[in-house]
Each structure stands twice: as structure tokens, then as C-alpha cells.
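Subject: Two-chain model, handover and notes

Hello,

Here is the model we talked about, with my notes below it. Please read the notes with the structure open.

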Amino acid sequence: MKKTSFWIILIAAVALLAGAAALWLHFHHPDAAVANIYLDGECIRSIDLNDVTEPEIFTVEGEIGTNTIQVEPGRIRVTHAECPDQICVQMGWLTSEGGMPIVCLPNKLVISLDDVPAKIGDAEIDGVVG
Amino acid sequence: MRFLKQAFALTLALALLLLSGCADPAAREDESASRSVFAMDTVMDVTAYGPNGEKAAVAAVNRITELEQAFSVTIDDSDIYAVNHAYGKPVTVSDDTAALLSEALRFCMLTHGALDVSVYPVLKAWGFTTQDYRVPKADELQELLARVDYAKVQCDGNTVTVPANMEIDLGSVAKGYTGDQIMQIFRDNGVTSGMVSLGGNVQTLGSKPDGSPWRIAIQNPLGDGYVGVVEVRDEAVVTSGGYERYFERDGEVYWHIIDPATGAPAKNGVISATIVSGSGTRCDALSTALFILGADGAETYWRTHGDFDYLLVLEDGSIVVSQGIADRFTVADDWANHNLTVVTK
């Protein structure tokens, strides 16, 4: 009897802890702002902008050339692109606050914060025209 | 003892509930399926909500590929390529091309040529199709303009004839039509809530899963951020802006929206024209046309036809909005001091 109740208490304690952990993860995402980098629709790298401590610069090879990507704590941008229009460079920083994806059409590169809704002030928006 | 057993059972049930919540997302009404695809010189994001979302999103992407194949001016086995290279002979085109071209020609007529699908040779001369930008001389433009006239394009059922020295391009309406077609695919698949973003165009089906309207931001044509937000249900929102594609020469800015009357970039006081209506094709056609017509022309067109609403941002930073969206447009904080005029009937 004693032995049984010991196991029940132990299992209950473990289950309670696991449940609490699951609940915490479920409701308390620690403000992740994951920037997903896609080349031709395939996610090649994911970076949580709020986890970045050291600035980093790297290049990705797209369809017509390279894009140089710079990451700093809380933000990401394209600094150089081997494409004629340079629109992705002009788009500037995408910050962990959310915003429209950085797109390089010639290289089929997209950098987007898929789980951070874009906002105007405190109000979320569903799409952007322009 | 019994209390412990109950607590244990409860915790286990709770854990299972949370786990199942992760494992079976498709069954929930507010779960979404999304796809991104590169087509028509832009990125298209398709999002469909509800249990049929996944199926609908996949079907939408297939449809986008099919439509791009029909409408592209550069893919050399597209319908448009064929009619542009037939030296004036009739060409049989797909149902989609026939439907879109006849609709586009209707808007060319309604706008008295402010929209003209045959302006393509002029667009090419400016280098907007190749990004090899140049400023054509006046006599070159006059020569090219003699080859621009939508009224000479014949579309009879599925038979299309473009005169030998002319070329057409459906770029000003293709994304709008694609939006309409995706909404149809959503409905066919039992989806009641969804959205597609086609590089500057947005089209929505129904309301958001929680019943609230979709909130669509209009990009600031003068810099970063947004002019404001318009709330829509079951509607498309399309913006044409000079800032989308342009080049600079000797301090002058030249953008890609060409006025068919002059052959030069349209500078009639508008820097951004947004149309809201139930039809993506109409929105797309009119965003270009109203940009070219200017504030007065836009107002006249709206009073005459009125089956849409519009918002213009003018050169001086003032905003003009038609009455149908005035009360569902919220201006952004940093635009609150700009002059805003509501046009009423």
C-alpha cells in the first residue's frame, strides 16, 4: 500500500510538472520573433531575432546571385544584393516588432516573421496594399 | 488517496488535451493553411481558414501557375505572347485569357482609354520591362503612341486579333483576376474565410474566423509606414503607386504608370490610388485608371459608375476618400495632420 502510494505520488508529481511546463509553453511564449529565410519557397534558416546576441553577416545564393544578410539583436536586413532593382536593400530593417516581409524577387528570397503579426500602433493588420 | 488519484487523472487529461491541441490543428475553424508562391513578378501569399483550408490553398497555387502561364507577356508559349507575335492574324486563346481580355477592354472603354492594355510598346521603350531604364525622345514617343489603341484589339469569343505593329499586356489586371479566381476556388472547396495577398493587391473572402473584418493597411507612398487601415469583408483592395517601380534621371523621377495620352509617366497629382470593391479585376483596372485620371477625373468616374470606393493620396500629402469607405478607414497616427477630404454623392 505504502509502495503503491509512493509511485502514485511520484507519477502525479511528474505529470503535474509536465502539465505545468506544457501550460507555460502554451501561454507564455517568451516573445519569440523568428525570422524565417526562404529561397524559392524553401525555409533555409530560422533565426529568433530576440535570441540574437552577436551581430552576424552571411550570404545566401539565390537564382541569379547572392544576397548579403545582416542580423543584429532584434532586427534583420539585406545589405547587398546582386540584382538590378535593389528593392530588398531599400526595404531596410525588419524588426522583432513585426512588419512586412523582405522580398528579393530576382533571387526568390523572402525573409518573414511568420508568427509576428504586423501592427499599426497597437492594432494588428492582416494585409498591406501599395 | 482518492484525492491523489483524481488529481493524477485530471493532470493526465489536461496534458492529453494540450497535446491533442498541437497534433490536430486542421480540425479547428480558426486554423489556417498558407502557401507562398512566386508568380507574375511578385510573391503571392494564400491563406485559407477552416478544415478545408489545406486543400483549397493547394488548389489555389495550382490555379495561379495556370493563370501565369496564360497571361505572361514573356513566357513564349503563353496566350498573350501568341497574340503579340501573330502579325495581325487571329489567335485562339484559353477561356481565362478571353474572359480577362474582354473585361480589360471593357474598362479601357469605360475609362476612355485612361487604362489601355496596348500601351506595352511604350512601357518597353522606357525600360520598365527590362529595368534597362531610359527616357525616350518626344518623336520616338509620338511614333510609339500611334501604335497604342485598345479599340483596335478584337476579342470575339476565344478568338483574339492584335494588329501587326501592336502589343498588349494584361499586367494591369492579371493579379486582380487571379484574386477573383482564388476566391472562387476557396468557395468551391467549402472555405468561407480566406485571404490572398498578391504583391500590393489583397483580396478577402468573408470575414476573419472570429467574425471581425480584415484590416488592410495602405502603404505610405512618401516613406516608411502606412497611411491608414481600411476594414473590409468579401472585398478586394488594390493600390497603384508611382513609388512601386521608378527610376531617376537628372533629378527627375519617372515611374512605371504610363499615361496613354502622353506616353510619359502619369503625373496628374496622384501618388497613390487605392480601390475597394467586390471584384479584384475591377479594383486592379481602376487603381491604374484613377491614378492616371487624377483627383477630378477619379471623382467624375466614381459619380458615374459608383460600383467601388477609392482613396487617393495626392502630391501635397492630402487624402481623398469616397464616402463608402470613409467610416471604415482609420488614418495612421503620423498621417492625422494631413488634409482629408470625403467625397460624397
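How many residues of chain B are in contact with chain A, and with how many residues of chain A? Before the answer, the conventions. This is a predicted model, in which local features need pLDDT of at least 70 and side-chain atom pairs count only at pLDDT 80 or more, while totals for chains, interfaces and linings use all residues. Residues are numbered from 1 along each chain as its sequence is written, and chains are lettered from A and ligands numbered from 1 in the order in which they are written.

Interface between the chains

The contact involves 38 residues of chain B and 28 residues of chain A; two residues are in contact if their C-beta atoms, placed from the backbone, lie within 7 Å. On the side of chain B that touches chain A, the largest share comes from helix 1 (residues 2-23) of chain B, with 9 residues. Helices (H or I, at least four residues) and strands (E, at least two) are DSSP runs, numbered from the N terminus. By class, that side of chain B has 22 nonpolar, 12 polar and 4 charged residues. Here Ala, Val, Leu, Ile, Met, Phe, Trp, Tyr, Cys and Pro count as nonpolar, Asp, Glu, Lys and Arg as charged, and the others, Gly among them, as polar.

The two chains also pair through strands: strand 11 (residues 127-129) of chain A runs parallel to strand 8 (residues 214-219) of chain B, over 3 bridges. Two strands pair if DSSP finds at least two bridges between them. In this pairing A:Val129 stands opposite B:Ile218.

Chain A

Chain A has 2 helices and 11 strands. Read from the N terminus, its elements run α-β-β-β-β-β-α-β-β-β-β-β-β. Its radius of gyration is 21 Å, well over the 14 Å that the globule rule gives for 130 residues, so chain A is more spread out than a compact globule. The radius is taken over C-alpha atoms, and the globule rule is 2.2 Å times the number of residues to the power 0.38. Along the principal axes, the C-alpha atoms of chain A fill a box of roughly 80 × 35 × 25 Å.

Chain A is divided into domain 1 (1-30) and domain 2 (34-124), with bounds from an automatic or database domain assignment. The centres of these two domains, taken over C-alpha atoms, are 40 Å apart. Of the 130 residues in chain A, 25% are buried. A residue is buried if 20 or more other C-beta atoms lie within 10 Å of its own, exposed if 12 or fewer, and partly exposed in between, with C-beta atoms placed from the backbone. Among contacts in chain A with a separation of 6 or more, 32% are between residues 24 or more positions apart.

Chain B

Chain B is divided into domain 1 (75-161) and domain 2 (213-343), and 24 Å separate their centres, taken over C-alpha atoms. Their contact takes 20 residues from domain 1 and 17 residues from domain 2 of chain B. Helix 4 (95-110), helix 5 (120-125) and helix 6 (138-145) of chain B each supply at least two residues of the domain 1 side, and helix 4 gives the most, with 4 residues. By class, the domain 1 side has 16 nonpolar, 2 polar and 2 charged residues.

The largest nonpolar core has 118 residues, of which B:Ala104, B:Val237 and B:Leu290 touch the most other members. Such a core is a set of buried Ala, Val, Leu, Ile, Met, Phe, Trp, Tyr and Cys residues joined through C-beta atoms within 7 Å. Leaving aside residues up to four places away in sequence, B:Leu290 touches B:Ala273, B:Ile275, B:Ala298, B:Tyr301 and B:Tyr310.

Three strands of chain B form an open antiparallel sheet in the order 3-5-4. Strand 3 (91-92) and strand 4 (154-156) are at the edges with a single partner strand each, so one side of each has no neighbour in the sheet. Strand 3 joins strand 5 (residues 159-161) by 2 bridges, and B:Val91 stands opposite B:Val160.

Backbone points to check

A:Lys108, not a glycine, has a positive phi near 55°. This residue lies in the loop between strand 7 (102-104) and strand 8 (109-112) of chain A. B:Tyr87 likewise has a positive phi, of about 50°, and lies in the loop between helix 3 (79-84) and strand 3 of chain B.

Regards
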